[in-house]
Amino acid sequence: MSDGNFSAHPGGAFPAEQFEAHRDHLRAVAFRMLGSASEADDAVQEAWLRLHRSGTDEVANLGGWLTTVVSRVCLDMLRSRGSRREVPLDQPDRPEPGSTDPRDVPESAALLADSVGVAMLVVLDTLAPAERLAFVLHDLFAVPFDEIAPIVERSPAATRQLASRARRRIQGATAPRADLMRRRRLVDAFLAASREGRFDDLLALLDPDVVLRADDVAVATARAGAAHGTPALAHELHGPHSVAKVFDGRAQAARTVLVDGMPGAAWAPGGRPRTVFAFTIEDDAIVEIEVVSDPGQLAALEVTFPDAG
């Protein structure tokens, strides 16, 4: 296991000072990926070794290159865990609940306290490795999806779905019951306004920067069944008017469900989801709607039907 000190290196081929300038960031990324200070140090050590073997002649953006390498190492480590033990809450690498004082936790663990609490770590441990990586890199470190996509070997659109799915699961597991009920009421209101063709009420529920995203199957199905003159679903729509037009007078058979633990909607004839609408809600407004009809994507979603009322 590494002691985190990279001041020495074989052969002197690479200036260690350049690596040291990125070490804290790399440890932060690795720790949020792995939830373990010792494993994070091992991942950073592996990045150092790969950098030393590769050299820097072809590296234009050293920070980005190192982040990518550490992310790939962490992804391999997460996958290798497989069915092995979950990291226990009382592991020394984990910060104590409610503790944000670096004196109370190991140095690397303190890096996590500012943005990821123990509750989130518990949920992160339940995510698939690619979901966890996409969420951590995008939501916590603002790495664009087109840069994450090659790491998880998916398209940028599929990578966005990974992060969205992870985000919903984390929010659903950590949100207070009152917040979940508030979100469900907003989804209920949206579906009712959609069914009844209350366009102004739809607009009132949508954020000014709302975006709607739909997969290929959803777009093709909607276009095939759309009546002449009916606004067609598109892969991506922006703005409340464009989004509201798609839903105005529709959603007749949709019902409120939980999508990865968060209130959403589904068209589910016979109790089998055929199309799922995943909502992202912030400040009592809908900021994103993800329409999923692709069977492979549907299979990855956890869709549950709450009891009526």
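1. Basis of the values. The model is predicted, so that local features need pLDDT of at least 70 and side-chain atom pairs count only at pLDDT 80 or more, whereas totals for chains, interfaces and linings use all residues. Residues are numbered from 1 along each chain as its sequence is written, and side-chain values use heavy atoms, with hydrogens and water left out.

2. Overall make-up. The protein chain contains 13 helices and seven strands, where helices (H or I, at least four residues) and strands (E, at least two) are DSSP runs numbered from the N terminus. Of its 309 residues, 48% are buried; here buried means under 20% relative accessible area, exposed means over 50%, and partly exposed lies in between (1.4 Å probe, protein chains only). Among contacts (heavy atoms within 4.5 Å) between residues at least 6 apart in sequence, 64% join residues at least 24 apart.

3. The nonpolar cores. A nonpolar core is taken as a set of buried Ala, Val, Leu, Ile, Met, Phe, Trp, Tyr and Cys residues joined through side-chain atoms within 4.5 Å. The largest such core has 44 residues, and Met33, Leu133 and Leu137 are the members that touch the most others. Two or more residues come from each of helix H1 (16–34), helix H2 (37–54), helix H3 (62–81), helix H5 (118–124), helix H6 (129–141), helix H7 (145–152) and helix H8 (156–174), and H3 gives the most, with nine residues. Another core, of 30 residues, lies apart from this one and has Leu191, Leu202, Leu205 and Leu237 among its members.

4. Leu137. Beyond its neighbours within four places in sequence, Leu137 is in contact with Val29, Met33, Thr67, Ser71, Ala142, Val143, Ile148 and Ile151.

5. The sheet. Seven strands form an open sheet with mixed pairing, in the order E2-E1-E6-E5-E4-E3-E7; two strands are said to pair if DSSP finds at least two bridges between them. Strand E2 (236–238) and strand E7 (303–304) stand at the edges with a single partner strand each, so one side of each is left without a neighbour in the sheet.

6. Strand E5 and its partners. Seven of the eight residues of strand E5 (residues 275–282) are buried, which leaves this strand mostly covered. Its pairing with strand E4 (residues 262–267) is antiparallel over four bridges, and its antiparallel pairing with strand E6 (residues 285–292) has seven bridges. Phe277 in E5 stands opposite Ala265 and also opposite Val291 in E6. E5 and E6 form a hairpin with two residues between them, and Asp283 in the turn has a positive phi of about 55 degrees.

7. Val187 lies in helix H9 and is buried, with a relative accessible area of 0%. Leaving aside residues within four places in sequence, Val187 is in contact with Thr256, Pro263, Gly264, Phe279 and Ile281, while its C-alpha atom and that of Ala278, 91 residues away along the chain, are separated by 9.9 Å.

8. Which residue makes a polar contact with the side chain of Arg183? The partner is the side chain of Asp179, at 2.8 Å, a polar contact being a pair of N or O atoms within 3.5 Å in which, within protein, one must be able to donate a hydrogen and the other to accept it, and residues adjacent in sequence count only if both atoms are side-chain atoms. Arg183 is in helix H9 (residues 177–196) and counts as buried because its relative accessibility is 11%. Not counting residues up to four places away in sequence, Arg183 touches Gln171, Met262, Pro263 and Ile281.

9. Phe305. This residue is found in the segment after E7 and is partly exposed, at 30% relative accessibility. The C-alpha atoms of Phe305 and Val257, 48 residues apart along the chain, are separated by 4.9 Å. Beyond residues up to four places away in sequence, Phe305 touches Arg255, Val257, Ala268, Gly271 and Pro273.

10. The largest pocket. Helix H11 (216–225), helix H12 (240–247) and E5 each give two or more residues to the lining, and H11 gives the most, with four residues.
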